[in-house]
Amino acid sequence: MRECGILLPVSALPSKYGIGCFSREAYEFVDQLKKAGQGCWQILPLGPTGYGDSPYQSFSSYAGNPYFIDLETLTSEGLITEKDCNSLDYGQAEDRADYGMLYTARAVILRKAFNNFKGGADYKAFIEENALWLDDYCLYMAIKMENDGESWINWPLEYRNRDEEAIYRAKKELAGEIEFYKFQQFQFYKQWNKLRKYANDNGIKIIGDIPIYVALDSSDTWAHPELYQFDSDNVPTAVSGCPPDGFSKTGQLWGSPLYNWEYHKKTGYKWWTDRIAYCFKLYDTVRIDHFRGFDEYYSIPYGDKDAVNGTWMPGPGKELFETLEKELGHLDIIAEDLGFVTDSVKELLQSTGFPGMKVLQLAFDPRESSNYLPYTHTSNSVVYTGTHDNNTTRGWYNDIDEECKIFIRDYFNKTDINEENISWNMVSLAMSSVADLCIIPMQDYLNLGSNARINTPSVLGNNWEWRLTKNSVGDRILNRIRNLAVIYGRIT
């Protein structure tokens, strides 16, 4: 079935208190999706973010970002007042998230709500149902804050290596803080589940997004070091990244710990089964980032300053996905297969049956052939104009050279392609693709330039900040989006 949807991070929604969240504006966006004839809302990872603000570097692969908790809901529940909310500064720019201001303000207001929280049967049930990860995460965050926010790798040895006596003492001494973090997760998931149900009830599926790797600074690695390539002192022996290429002479050093795949195999891939099962409690479809890493992964010695000395190592391959299907049944997964794709990656993708991704911004280089051009697409794929890692289409067009622009005009058979109309031309091209699913970033429907870009890979700072402003998506835009969905047979 042909479908279409919009890519918009929760953080990019308009809201009153500094960042997009599960507020009434999120429900209004669902209404807009429905009015525009869309069937899907694709978001970015929902985990709590740390240094660099990236949702792909989270303190937990299970926990939710407390920034997304709607303060107006807490007000309606009597936990805080509107006056409490308005007494804090969450950042002044309507179209940007100020993470420095949010870090301080959100801690203050959520603690005030926690101090007025009495708990109840639903709270107790949440704690029991999520014991798999919740206790470790909340203990981790409590100890982390006691150590000035440092990663566990820099904690005193007794905490770093989870000495039994030290952990017992920490649970006792930090009981109040641990409870504070449990409260945040309870509020996050209560609000998210309500929003997701509203979306589903209105015919909108949620496409979630998970990184293949977890962050070094996370409760995952601290609580279960055996799952990763660590030495006897729980120090990584190798980390993730990408090799040097035409875009970077020194490659990309991501720094995430690599999995100990031999150990995962011995456990029947239990950690992955648990993780994916939990994801499908939160989302209808799951996009897995860096799918190539399951076929083979790039291993960089820990401590290296760049990715030059890395080597390719074999991943778990199709055995992992055969196990997941056996344990969980059919999985509605999108595989992020962008970049250089080897024959073995193609074979792995084909064996799983998962759709891959086709990004039109990667198609228009006249100097080499491309499997991103529409005539190469297959129905079992997802087509995008761009992703969160790409520039907006208007910004991309301004950055490419004249040779690429000539190729675009030739491909479209139009002489008047320019900055003003490139976004809608590319949107129409994506919608006309034979790919079953078409996802368009909201910025391209609004014809926004580079200032609306979500992320620039390998560049620290000014990422993940862009937000929609109030009333920026009106009926005229929604009707135009719906018209395209009708024309190209994607109306739901």
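Helices (H or I, at least four residues) and strands (E, at least two) are DSSP runs, numbered from the N terminus. By this definition the protein chain holds 19 helices and 12 strands. The radius of gyration, taken over C-alpha atoms, is compared here with a globule rule of 2.2 Å times the number of residues to the power 0.38. The protein chain has a radius of gyration of 23 Å, close to the 23 Å that the rule gives for 492 residues, so it is as compact as a globular protein of that length.

The model is predicted: local features need pLDDT of at least 70, side-chain atom pairs count only at pLDDT 80 or more, and totals for chains, interfaces and linings use all residues. Residues are numbered from 1 along each chain as its sequence is written, and side-chain values use heavy atoms, with hydrogens and water left out.

Along its principal axes, the C-alpha trace spans about 70 × 55 × 40 Å. Of the 492 residues, 56% count as buried, meaning under 20% relative accessible area (1.4 Å probe, protein chains only).

The interior can be followed through its nonpolar core, a set of buried Ala, Val, Leu, Ile, Met, Phe, Trp, Tyr and Cys residues joined through side-chain atoms within 4.5 Å. The largest such core has 156 residues, and those with the most contacts inside it are Trp41, Trp192, Trp272, Phe294 and Met442. Helix H9 (residues 175–201) gives the most to this core, with 10 residues.

Technical notes. Buried < 20%, exposed > 50% of the residue type's maximum accessible area, 1.4 Å probe, protein only.
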